[in-house]
Amino acid sequence: MTENRGLRSLVRPFSRRLNLVVWVNASLGWTLGVAGLYATALIALKVAFPEGARYAHALLALFPVVLVAGWIAARRRGAFFRTTEILEIADRLYRNDGSVTASYEQPRLMSGPDFFAEVKGEVWPRRPRLDARHYGKRILPVLLYCGIALVLPPRPPTPTQQAEEILAALTEPLYEKIEESQPLLSEEQREELIEEIQAISENNLAVTREQWEAIEDLEKRIDDAAKLGENALSELATKVDEISSRLDSSGATSATQMSSPEMQEMMNDLADLMKNAEGRLSRPFEGNLQGMMEGMRSAMSPGDLGDRLDDLRSRLSEMLDEGSLSGDGAAGRGGIDRGRGDALLVLGEEQTLDGAAYEEKQLANKYLSPDDLVSLGITPIEPKPDPGRFSPGTVREFGSETGSEVSRTRISPGQKDVVGKYFGE
Amino acid sequence: MDSSDAIKPRIEEMQKPIRNLLDSLNQVILDKESLVLDLVTGVLAGGHVLLEGLPGLGKTELVKGFSRLCSIGFNRVQFTPDLLPSDITGSFILQQKEGQREFVFQEGPVFTNVLLGDEINRASPKTQSALLEAMQERSVTVMGETRALPSPFFVIATQNPIELEGTYPLPEAQVDRFLFKLHLTRPASRVLSDIVRDRVNGAPPTLEPVLTLDQLRAAIALVHDIYVSEAVSNYIARLVEATHPDSPDAPESVRKYVRYGGSPRAAIALGASARARSLILGRPQAGFDSVRDLFGAVMNHRLILDYSARIDGVGVDRAMADVLSAVDEYSKPLPAGVKE
């Protein structure tokens with residue numbers, strides 16, 4: 001059987017090729033099925049549950065399983081080519097005269113390496129080849145489908161109504177505060193603050209901790225800006241009082257009785273005050289003040305100047321009253337010096353924040369120690385007290401007019417300063 | 001020494017006389033190379049051949065020429081309805097010898113190497129059946145005495161497909177004993193012109209023998225040594241199996257029109273004829289190509305069609321062509337996605 005070795009060098013590559021094709025064919029249907037399933041799952045998840053789209057990749061783990069299953073199935077069906085069957089193909093490709101198969105069974109019939117070399121030389125160039133069109137018709141549509149599934153962008157998440165409501169509830173007081181502080185804020189400040197509020201409101205998919213903190217920071221900045229404006233007005237009013245008193249103490253009844261340098265000094269003081277207040281007050285108010293200043297410059301007599309100063313003083317007083325952010329002392333109507341009382345406090349269903357989770361914990365002696373209180377979230381909707389549900393130590397009563405009731409609830413870090421200030425820390 | 005070691009020189013040695021025989025026979029009957037090749041194949045396979053063709057096409061001349069070229073005995077029997085079995089096999093006759101009378105067997109025309117049975121379908125079934133033993137056993141039994149026929153012995157019968165009145169179609173059992181049924185068609189006009197010009201009385205040229213009786217016997221014996229590989233024998237088996245209407249591999253035409261397919265004898269005949277063809281081609285092994293070439297000659301008289309085939313005008317040729325198309329030489333087809 002030594003001559004058969006010559007045929008082995010032909011049979012082995014033939015066998016590898018054809019049996020690989022048999023294996024591929026046996027696995028192809030299932031493989032394409034898994035690929036289609038993967039693409040379908042990917043598309044479905046991208047559309048319905050974009051955050052979970054990555055879970056579709058788990059289906060790729062089925063590919064090796066399918067390949068192994070295909071190999072087992074082909075083996076069980078006897079689909080793999082045996083040596084004699086390979087020889088039949090070689091025989092047909094050679095001369096179809098039975099010489100190849102006969103030489104394998106009867107090596108002496110066709111002797112010599114020349115014969116085997118001749119067979120190999122004639123058969124190998126005509127070996128069966130893969131039909132690219134056959135596989136292309138089957139694989140390309142599935143590949144295309146998978147490609148579409150992969151490049152398909154995940155559906156953008158729709159904003160939740162609850163998040164929109166919460167953001168509106170949080171930002172609306174800011175707008176109101178800006179509106180109320182209009183005389184005390186410059187145009188640039190107002191525009192900048194409004195733009196920042198709008199930027200915070202753009203991400204309305206969910207209310208994040210960062211948004212909460214940004215809103216609180218923004219509120220603080222509004223308060224600070226208003227405070228600066230108010231300080232400028234107060235300072236202006238003080239100076240106006242001072243000038244007015246100087247005018248009264250001079251005892252002059254006409255402009256001629258006042259020395260020109262004295263008058264000029266008062267006017268310069270007023271001009272300095274206006275300059276200091278410039279940029280810290282609203283533009284109409286600044287214009288109004290400028291007009292009044294011009295009127296005072298052109299005053300013909302100290303009496304006239306005094307009248308105008310009184311007018312300016314009353315105007316400044318009005319402005320301070322209008323732009324004041326101080327609260328009226330009622331609960332929930334705090335002010336810049338009493339925390340964020342103006343903000344609409346909406347409590348209700350608990351909001352799940354990223355990474356937040358409630359941990360079930362057995363309390364020792366049914367007592368909740370302060371150490372157990374961990375800030376997990378903020379409840380933005382109207383509260384629904386349920387005394388039977390909450391222990392007396394957590395929530396006892398809401399709606400106190402004075403804020404003197406003892407209430408233990410969890411607050412965010414951003415609120416701690418406000419609460420501390422409210423309770424006079 | 002393995003028999004296969006010596007077969008190649010023996011085959012090569014036989015090539016020249018066989019080639020001469022074919023060339024000479026092609027001079028006897030013009031433009032029928034394929035038919036001549038099949039006839040010689042059948043004879044070398046040790047089979048009997050049924051020649052079918054219209055009168056005057058040269059059937060008898062072909063057989064006569066063959067026997068003359070092979071230097072073998074030749075007898076001709078014109079089958080007629082009143083022909084008796086003993087007219088073929090021979091019979092005992094009472095003969096007086098040295099004052100005593102005794103029955104002496106008078107050999108009939110069957111005792112020869114080539115028996116030409118002209119218009120075999122005109123004889124009665126009884127007479128046709130007289131040939132059964134001779135064809136199968138190559139012996140004749142008369143009055144309890146069995147006599148062997150000369151070797152080689154083969155029957156070449158002719159059959160006229162027209163003038164069927166008063167004829168007796170050959171029974172299936174007898175048809176099955178013919179290795180081949182060959183159809184002789186009319187010559188092309190060009191060949192006819194040559195015949196008219198060259199053969200005044202239609203007689204073929206006188207040819208000298210090209211093969212001795214011993215050479216013929218040796219050639220027939222050599223056929224048995226031709227190797228049939230498992231793949232080729234599988235192919236033969238699958239082809240014959242596919243001629244049966246109840247076979248899962250049978251094509252639609254076979255399922256619809258064929259009543260009986262090929263018998264195991266048909267498979268044996270196909271294998272033997274493939275061997276003989278390989279000898280003619282100078283090969284030590286039977287090939288797929290020979291099987292395909294000879295499938296028609298072996299099977300065309302063995303497939304029994306039913307009446308629906310006649311109604312639909314479907315012949316046995318179509319069924320055989322469909323079988324050849326349906327049955328691949330590969331026992332296992334190439335996998336999908338692979339092309340030759």
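## Walking through the model

Q: Before anything else, what sort of model is this?
A: It's a predicted one.

Q: OK. How many helices and strands does chain A have?
A: Chain A has 13 helices and one strand.

Q: And in what order do the elements of chain A run from the N terminus?
A: They go α-α-α-α-α-β-α-α-α-α-α-α-α-α.

Q: How much of chain A counts as buried?
A: 36% of its 425 residues.

Q: What about its contacts, how many join residues at least 24 apart?
A: Taking contacts in chain A between residues at least 6 apart in sequence, 70% join residues at least 24 apart.

Q: Let's do surface patches. Which residues form the positive one?
A: A:Arg133, A:Lys137, A:Arg138 and B:Lys339. Helix 6 of chain A, residues 132-151, gives the most to that patch, with three residues.

Q: Take A:Lys137 from that group. Where does A:Lys137 lie, and is A:Lys137 buried or exposed?
A: A:Lys137 lies in helix 6 of chain A. A:Lys137 counts as exposed because its relative accessibility is 59%, and the cut-off for exposed is over 50%.

Q: Which residues gather in the patch of negative charge?
A: That's four glutamates of chain A: A:Glu172, A:Glu176, A:Glu179 and A:Glu180. A:Glu172 lies in helix 7 of chain A, which covers residues 161-180. With a relative accessible area of 41%, A:Glu172 is partly exposed.

Q: Which residues make the nonpolar surface patch?
A: A:Leu37, A:Leu62 and A:Val65 make a nonpolar patch of about 250 Å². A:Leu37 comes from helix 1 of chain A, residues 4-48, and A:Leu37 is partly exposed at 45% relative accessible area.

Q: Switching to salt bridges. What's the count over all chains?
A: 27.

Q: Give me one that crosses between chains. Which side chain does B:Lys332 meet in a salt bridge?
A: B:Lys332 meets A:Glu85, at 3.2 Å from N to O. The pair crosses from the loop between helix 14 (316-326) and strand 12 (338-339) of chain B, where B:Lys332 is, to helix 3 of chain A (residues 83-94), where A:Glu85 is.

Q: Are B:Lys332 and A:Glu85 buried or exposed?
A: Both B:Lys332 and A:Glu85 are buried.

Q: Now for B:Asp176. Which side chain does B:Asp176 meet at 3.0 Å?
A: B:Arg265, in a salt bridge, with the 3.0 Å taken from N to O. B:Asp176 sits in the loop between helix 6 and strand 9 (178-184) of chain B and B:Arg265 in helix 11 (residues 264-281), so the bridge ties together parts that are 89 residues apart in sequence.

Q: How does burial look for those two?
A: B:Asp176 counts as buried at 14% relative accessibility, while B:Arg265 counts as partly exposed at 30%.

Q: And which residue forms a salt bridge with B:Asp176 at 2.7 Å?
A: That's B:Arg302, where 2.7 Å is the distance between the closest N and O atoms. This pair links distant parts of the chain, 126 residues apart, with B:Arg302 in the loop between helix 12 (288-299) and strand 11 (304-305) of chain B. B:Arg302 and B:Asp176 are both buried.

Q: Which residues are linked in a network of salt bridges?
A: A:Arg92, B:Arg292, B:Asp328 and B:Glu329.

Q: Last topic, a couple of threonines. Where's B:Thr158, and is B:Thr158 buried or exposed?
A: B:Thr158 is in strand 8 of chain B, and B:Thr158 is buried, at 1% relative accessible area.

Q: What is B:Thr158 in contact with, leaving aside its neighbours within four places in sequence?
A: Its contacts are B:Leu51, B:Lys59, B:Leu116, B:Gly117, B:Asp118, B:Glu119 and B:Ile120.

Notes
Residues numbered from 1 in each chain as written. Chains lettered and ligands numbered in written order. Predicted model: local features only at pLDDT ≥ 70, side-chain atom pairs only at ≥ 80, totals over all residues. Heavy atoms only, no water. Patch = residues over 30% accessible without salt bridge, like charges linked within 9 Å, V, L, I, M, F, W, Y side chains within 5 Å. Areas by Shrake-Rupley, 256 points an atom, 1.4 Å probe, with all protein chains shown as cover. Lys, Arg positive; Asp, Glu negative; His and termini not counted. Charge placed at Lys NZ, Arg CZ, Asp CG, Glu CD. Helix = DSSP H or I, 4+ residues; strand = E, 2+ residues; numbered from the N terminus. Buried < 20%, exposed > 50% of the residue type's maximum accessible area, 1.4 Å probe, protein only. Contact = heavy atoms within 4.5 Å.
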